Amino acid sequence: MKRNLNIHINHITRVEGHGSIVLNVKAGRIEKLQWNILEAPRFFEAILRGKHFNQLQSITSRICGICSIGHSLASLKATEAALGVEISEQTVLLRRLALHGENMQSHILHVGYLAAPDLFGADSIIPLLKNEHKAVINIVRIHRLANSMSDLICGRTTHPLRFCVGGFTLLPTLKELQSLREELLNGIDTLRNAAESIQAEVHHLPDFSRETEYIALTAENLYALYEGSVASTDTGIHPLSEYLSLTNEYLLPHSTAKFTRHNRESYMVGALARFNINATQLGSLAKEIAARFDLTSPNYNPFMNTIAQLVEIADSMEDSIAIIDELLARGLEEEQPEVKIRPGRGIGALEVPRGILFHDYTIDEQGNCSQASCIIPTNQNNANIQKDMEALVPTIMNRPQKEIELTLEMLVRAYDPCISCSTHYLNVEFT
Amino acid sequence: MKKIGVIGVGNPQMGDDGIGPVLIHRLNAFPLFSDTVCFIDGGTGGMTLVHELAKLYTAIIVDAGDFGGKPGEFRIFSPEELVSVKQFSGFSVHEWDLIKTIEISKVMEELPEHLHIMAIQPETIAWQSKLSKILESQIPVYEKAVWKLLKSATE
């Protein structure tokens, strides 16, 4: 019998922000399938105009309560590029450490609190306290470790206080770094145990595959997060200066958020994109976790983005230990960064938990920002979520309605969208 | 070393919901009589509260709570009482934060040795950045109650 579906889910839970999906199926034919983003724009780019360069990173940090460190760092990179400020190797190491802290914080929040309940067949992490309390304990412990790392390097867990143009206003002590190193070492077994719990339930992830274009930073000698060139699985490596022709933002009548496209109708950014492009550069612990889940590059199942995040937590832990070792060996020096005002334009790009983030500023003769543009990962994933849904729905159309709803929600959750960050929203409506 | 902490929970942009953080900022203005005491603005907390509770030996959580009292009235509950009250009323506007936080802290074996929940009956929970007049007028009473709990905790 040809299927009719008329389902409306107003709020998808366990994502950051709000959004909707509309699906109309009549006599087995999809009449409407739409990822709707309704959240009001927040005008951060307009807020930045006229602001002094010293204020930009603290303002843009407020774009997001999850990836505030990433926004601050992208902002600093764009500002420093515009002003021609050189930063020290020590600053690069500490910023990489801060970014690892955020990556761990955000990824464990998504893997543990938002996505894992789907695997365990629960509505939230709370019912897991009864039967899966060991998994919950391990997840909370990793979250705490990530928080204390961000707290130490940034001055607090969210919205960094210690960043400034050219460097840091306050450095951690060597003793504090040593203590963090111990915590990270102890955390490795906690992560292995959490991975074991998730592995036992990973078969609940839908077996779905759709090849798309993947875009992420790439670098020669490390798994790129803080720096690198832009790589596309379709078109190869591009300099950062080409970012506008890689992202091509556009508007749709039904969305308050922008969409992007490059070589195809859509592309994907985030942990799976990074894994597909840079997997060979992962450390041994990350490779061990990936092998546990049979995750190999390339992988075209967007649901595996959650597992790629788990792999990245391992890499962040391992690389953080290596960075701390380097800082301990070289010692920490108080620096007085030299910052001179000069007019110019600068682009800052880095990998934040949900994918590649671009900030692009123009600074005038007075040191004020005269133009600003921010291209956020979730915006870049919107078109890919839509195309995934279009490929997925025909394969699940004959399943019970509740299962269709759950599968679509899981797909959205797999992208770990930060809708507030991109001023976007999700809402599923089948009519 | 674990500390004695007062955690104010709530959103000051939602009228009386913000009584917890408002009280914390008032208490922070007083000189501390012991360096083992800390005041924490728990905001709308969620999982953050789990991490905060782990650092405390004694915790006093101040929150707007509907326990069926008159606006401005307050009561002090133990965690066990809180769960039983929750079964017959909506209790906290931060139901998830508080009760679930306590559940997670228990599973983590990190629940403070002594935990008091000071629930203040709200009058207005709505978009406004000030308390209702009745709660505003009762702040000295709430402060006194918190100091009394702190005094007995530090003795």
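This is a predicted model: local features need pLDDT of at least 70, side-chain atom pairs count only at pLDDT 80 or more; totals for chains, interfaces and linings use all residues.
Figure 1. Of the 431 residues in chain A, 51% are buried. The C-alpha trace of this chain spans about 75 × 45 × 35 Å along its principal axes. A compact globule of 431 residues would have a radius of gyration near 22 Å, and the 21 Å found for chain A agrees with that. The secondary structure of chain A comprises 13 helices and 13 strands. Among contacts in chain A with a separation of 6 or more, 75% link residues 24 or more positions apart.

**Figure 2. The largest nonpolar core and the surroundings of A:Ile215.** The largest nonpolar core holds 154 residues, and A:Ile215, A:Val311 and A:Leu350 touch the most other members. Helix α6 (residues 133-154) of chain A supplies the largest share of this core, 12 residues. In soluble globular proteins, nonpolar side chains tend to be buried together. Leaving aside residues up to four places away in sequence, A:Ile215 touches A:Val230, A:Ala231, A:Ser232, A:Leu246, A:His262, A:Tyr267, A:Val269, A:Ala273 and A:Ile356.

**Figure 3. The open sheet of four strands in chain A.** The strand order is β8-β7-β6-β9 (chain A), with mixed pairing. At the edges lie β8 (236-238) and β9 (267-268) of chain A, each of which pairs on one side only. Strand β6 (residues 213-218) of chain A is joined to strand β7 (residues 229-232) of chain A by four bridges, in the antiparallel sense. Opposite A:Thr218 stands A:Ser229 in β7(A). In a regular strand the side chains alternate between the two faces of the sheet.

**Figure 4. The hairpin of β2(A) and β3(A).** Strand β2 (residues 20-26) of chain A runs antiparallel to strand β3 (residues 29-36) of chain A, and four bridges join the pair. A:Ile21 has A:Trp35 in β3(A) as its bridge partner. Two residues lie between the strands of this hairpin, and A:Ala27 in the turn has a positive phi of about 50°.

**Figure 5. A:Lys77, a buried residue of chain A.** A:Lys77 is placed in helix α3 (residues 68-83) of chain A. This lysine has 26 C-beta neighbours inside 10 Å and therefore counts as buried. Beyond residues up to four places away in sequence, A:Lys77 touches A:Gly348 and A:Leu350. A:Leu350 is also one of the residues that touch the most other members of the largest nonpolar core. From A:Lys77 to A:Val165 the C-alpha to C-alpha separation is 8.4 Å, across 88 residues in sequence.

**Figure 6. B:Phe77 in strand β4 (residues 74-77) of chain B.** B:Phe77 counts as buried because 20 C-beta neighbours lie inside 10 Å. The cut-off for a buried residue is 20 or more other C-beta atoms within 10 Å. The C-alpha atom of B:Phe77 is separated by 5.9 Å from that of B:His116, although the two residues are 39 apart along the chain.

**Figure 7. The contact between chain A and chain B.** Nine residues from chain A and eight residues from chain B take part. On the side of chain B that touches chain A, the elements giving two or more residues are α2 (48-53) and α4 (95-107) of chain B. With four residues, α4(B) gives the most to this side. Sorted by class, the side of chain B that touches chain A has five nonpolar, one polar and two charged residues. The model scores an ipTM of 0.80 and a pTM of 0.90.

**Figure 8. Confidence along the two chains.** Chain A averages a pLDDT of 92, and 94% of its residues score at least 70. Over residues 422-431 of chain A the pLDDT is below 50, and this stretch has 69 contacts in the model beyond near neighbours in sequence. For chain B the mean pLDDT is 87, with 90% of residues reaching 70 or more. Within chain B, helix α1 (residues 19-28) has the highest confidence, at 95, and strand β5 (residues 91-92) the lowest, at a mean of 48.

Notes:
Residues are numbered from 1 along each chain as its sequence is written. Chains are lettered from A and ligands numbered from 1 in the order in which they are written. Two residues are in contact if their C-beta atoms, placed from the backbone, lie within 7 Å. Ala, Val, Leu, Ile, Met, Phe, Trp, Tyr, Cys and Pro count as nonpolar, Asp, Glu, Lys and Arg as charged, and the others, Gly among them, as polar. pLDDT is the predictor's confidence in each residue, from 0 to 100. The radius of gyration is taken over C-alpha atoms; the globule rule is 2.2 Å times the number of residues to the power 0.38. A residue is buried if 20 or more other C-beta atoms lie within 10 Å of its own, exposed if 12 or fewer, and partly exposed in between; C-beta atoms are placed from the backbone. Two strands pair if DSSP finds at least two bridges between them. A nonpolar core is a set of buried Ala, Val, Leu, Ile, Met, Phe, Trp, Tyr and Cys residues joined through C-beta atoms within 7 Å.
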